[in-house]
Amino acid sequence: MENSTRPVFTFGVIADIQYADIDDGLNFLKTRTRYYRNSLKLLRSAIQGWKEERVDPSFILQLGDIIDGYNKNHEASDRALETVINEFENSLVKVHNVWGNHEFYNFNRNTLFASLINSGEKGEPGSGLIDDEIYAYHFSPAPKFRFVVLDAYDVSIIGRDPTNEKYNQAIKILKEHNNNDDLNHPPDQRFVKFNGAFSQEQLQWFDEVLTLADQKHERVTIVSHLPVHPYSTDPICLAWNYDAMLSIIHSHKSVVCFIAGHDHDGGYHKDESGIHHLTLEGVIETHPDSNAFGTVYVYDDRMVLKGNGRVEDRVLVYPNSF
């Protein structure tokens with residue numbers, strides 16, 4: 001993985017920390033141990049690892065589920081979030097936060113927009129949040145490179161008020177595909193309430209962002225809590241309308257990579273267009289003797305992922321698009 005050429009920039013990546021100040025427990029299916037307190041120690045180790053890289057990261061991608069939903073039950077959401085944010089502040093670099101299902105178990109949208117994990121402030125003209133209801137934005141860390149942060153719970157029953165139109169859209173979608181009393185029990189894989197969808201408004205905005213990136217010959221990396229390619233994850237973790245997202249992605253030349261969390265086992269797939277779909281392993285189910293984070297070295301023709309612990313090293317060569 002060593003390369004003598006200096007990268008254009010580097011960034012750190014980490015997913016599904018799900019910190020809570022409670023004893024170890026089990027996952028939803030009762031098949032895996034979740035190390036709630038130890039996840040903070042692994043984050044601390046990751047931050048130290050990024051500090052020791054040969055090139056300092058320009059920013060960190062936090063892929064969602066920063067704290068666990070159990071905090072809500074213990075009235076500890078604010079305290080847990082502050083604890084994790086304090087750890088990230090030791091990194092001394094910008095953190096771009098993605099919102100996952102556990103953010104919405106703990107907080108409503110208004111609270112999240114007013115919180116420190118709203119990283120969608122305006123940079124260059126037009127790069128800020130779409131509006132005050134959709135947490136999606138884009139940024140350019142260097143010329144010819146762009147990152148797009150998506151809101152995979154834009155249409156969802158978590159984080160939305162029951163009077164909201166998108167809540168009602170979500171209920172309709174779930175009931176069309178899931179007739180169980182427990183909507184987290186899937187008869188048809190991804191149609192569970194811990195997933196969500198991209199609204200038509202967000203898809204249209206996303207298409208316009210990629211059109212501009214095509215015109216500028218930019219390399220675009222997309223970031224979302226939910227994966228969108230069925231070969232990059234367990235199907236139960238997919239966004240409800242992943243196919244609509246893939247259709248837009250494949251209609252543009254600028255996209256090189258899609259990075260997601262949510263599936264704690266991780267995954268990877270290079271699709272027919274040469275786009276890399278990377279699902280990062282989750283910290284919460286990582287044994288205390290290991291870790292799960294990465295550093296990505298970005299070059300003009302490829303990205304090189306240096307993995308740590310459960311995260312594998314990968315060389316992600318860009319498609320020959322331009």
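Thr10 lies in strand β1. Strands (E, at least two residues) and helices (H or I, at least four) are DSSP runs, numbered from the N terminus. The model is predicted: local features need pLDDT of at least 70, side-chain atom pairs count only at pLDDT 80 or more, and totals for chains, interfaces and linings use all residues. Residues are numbered from 1 along each chain as its sequence is written, and side-chain values use heavy atoms, with hydrogens and water left out.

Thr10 has 0% relative accessibility and therefore counts as buried. Buried means under 20% relative accessible area, exposed over 50%, and partly exposed in between (1.4 Å probe, protein chains only). The side chain of Thr10 reaches the backbone oxygen of Asp56 at 3.3 Å. Leaving out residues up to four places away in sequence, Thr10 touches Val55, Asp56, Pro57, Ser58, Phe59, Thr295, Val296 and Tyr297. Contact here means heavy atoms within 4.5 Å.

The largest nonpolar core holds 93 residues. Such a core is a set of buried Ala, Val, Leu, Ile, Met, Phe, Trp, Tyr and Cys residues joined through side-chain atoms within 4.5 Å. Phe11 and Phe206 touch the most other members. Beyond four places in sequence, the residues that Phe11 touches include Phe59, Leu61, Phe147, Ile259, Val296 and Met303. In soluble globular proteins, nonpolar side chains tend to be buried together.

Six strands form an open sheet in the order β5-β4-β1-β12-β13-β14, with mixed pairing. Two strands pair if DSSP finds at least two bridges between them. β5 (94-97) and β14 (314-317) stand at the edges, each with a single partner strand, so one side of each is left without a neighbour in the sheet. The twist averages 20 degrees from one strand to the next. Helix α1 (residues 38-51) packs on the sheet, where it touches β1 (9-14), β4 (59-62) and β12 (292-298). The direction of α1 makes about 25 degrees with that of β12. Axes are lines fitted to C-alpha atoms, for helices over the stretch in contact, and angles run from 0 to 180 degrees between N-to-C directions.

Strand β13 (residues 302-309) runs antiparallel to β14, and four bridges join the two. Arg302 stands opposite Val317 in β14.

The count of disulfides (pairs of cysteine sulfur atoms within 2.5 Å) is zero. Cys237 is in no disulfide; its nearest cysteine sulfur, that of Cys257, is 18 Å away. Cys237 counts as buried because its relative accessibility is 8%. Cys257 is also buried, at 0% relative accessibility.

How values were computed:
Polar contact = N/O pair within 3.5 Å; in protein donor to acceptor, adjacent residues only side chain to side chain.
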